[in-house]
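Here are my notes on the model you sent.

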Amino acid sequence: MRLLLALSLWPALATAQVDATPASDPARFIALETVARTDAAVESFARSLEATAIAEAEAGPGRPVDVGGELVEFADGRRLLRVSLCGGAWFGILGCHSSLHLMPAGGQGFMRVLDLIGAPSMWFDSREGVGGWPDLIFEGQRADHPPYIRWRWTGATFDKIWPPG
C-alpha cells in the first residue's frame, strides 16, 4: 500500500520542480543579466576562450560573429562565464550557440561545463542547487520545449533535470 501511495504521488513530485518559475516567483530567481559583468574585458576573454569556434564560423559565410560574454563572480571566488556566439546559418535554426564555463574558488582556469543551442534567458535558483552552484533555469526556446528548463550541477558538469528525459 505504501508503494502504491508513493507512486500515486510521483506526478505531483515530478511537477514540483516547475511549480515556481521566474515568471511566478521573480524574487527567488536571479536573472543572469542583473548580476553579470559584460564589459570589454569580459567580451575579450570570451573571444579568447571561443577563438577556434569564432574562426570556423567566420570562415564559412565570411561574416563576423557577434560575441557576448557575461561573467558572474561569486563572493567565495567562484566564477561563471556564459559565452554567446550568434550570427547567420552557421549556428543553426536559432542563430546562436551558448557555452558555460566555470572556475572553482581558487581555481587556475575556466572549464567548459555546458553547451546550448541558442542563447536563452538564464536565471539562478536562489533556493536549489548542489555543491555551492545554484540550479540554472533556462527559457525554453522552441515550441516543443516547456517554458523553463532546469539544469543542476553534478560535480563535473550541469545536467538537465527538468523536464525529465
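1. Lining of the second largest cavity. In this predicted model, the lining of the second largest cavity has six nonpolar residues, one polar and one charged. The residues are Ala 57, Pro 61, Arg 63, Pro 64, Val 65, Gly 87, Trp 90 and Phe 91. Arg counts as charged and Gly as polar, so Arg 63 and Gly 87 are the residues of those two classes in the list. The volume of this second largest cavity is about 30 Å³. Two cavities of 30 Å³ or more are present in the structure.

2. Largest pocket. Its volume is about 260 Å³. The lining takes in 15 residues. Which of them lie nearest the centre? They are Leu 116, Ile 117, His 145, Ile 149 and Trp 151. Strand 5, strand 7 (133–139) and strand 8 (148–153) are the elements that each give two or more residues to this lining. By class, nine of the lining residues are nonpolar, three are polar and three are charged.

3. Chain layout. The chain has four helices and nine strands. Read from the N terminus, the elements run α-β-α-α-α-β-β-β-β-β-β-β-β. Of the 165 residues, 37% are buried. Among contacts with a separation of 6 or more, 44% are between residues 24 or more positions apart.

4. Pairing, strand by strand. Strands of a sheet pair through backbone hydrogen bonds, in a parallel or an antiparallel sense. Here, strand 2 and strand 3 (residues 79–86) run antiparallel and are joined by eight bridges. Asp 66 has Cys 86 of strand 3 as its bridge partner. Strand 3 also pairs with strand 4, antiparallel, over eight bridges. In that pairing, Arg 79 is bridged to Met 103 of strand 4. Six bridges link strand 4 and strand 5, again in the antiparallel sense. Ser 98 is partnered there by Leu 116 of strand 5. Leu 116 is also one of the residues nearest the centre of the largest pocket.

5. Burial of strand 4. Is strand 4 mostly covered or mostly open? Mostly covered: seven of its eight residues are buried.

6. A cis peptide bond. Most peptide bonds are trans. The bond from Trp 162 to Pro 163 is cis, with omega near 0 degrees. Pro 163 is placed in the segment after strand 9 (158–162).

Definitions and conventions: Residues numbered from 1 in each chain as written. Predicted model: local features only at pLDDT ≥ 70, side-chain atom pairs only at ≥ 80, totals over all residues. Heavy atoms only, no water. Pairing = 2+ DSSP bridges. 1 Å grid on protein atoms, 1.4 Å probe; cavity = no way out; pocket = protein on both sides within 12 Å on 5 of 7 lines; lining within 4 Å. Points joined across faces, edges and corners; volume = space filled by probe spheres on them. Buried < 20%, exposed > 50% of the residue type's maximum accessible area, 1.4 Å probe, protein only. Contact = heavy atoms within 4.5 Å.
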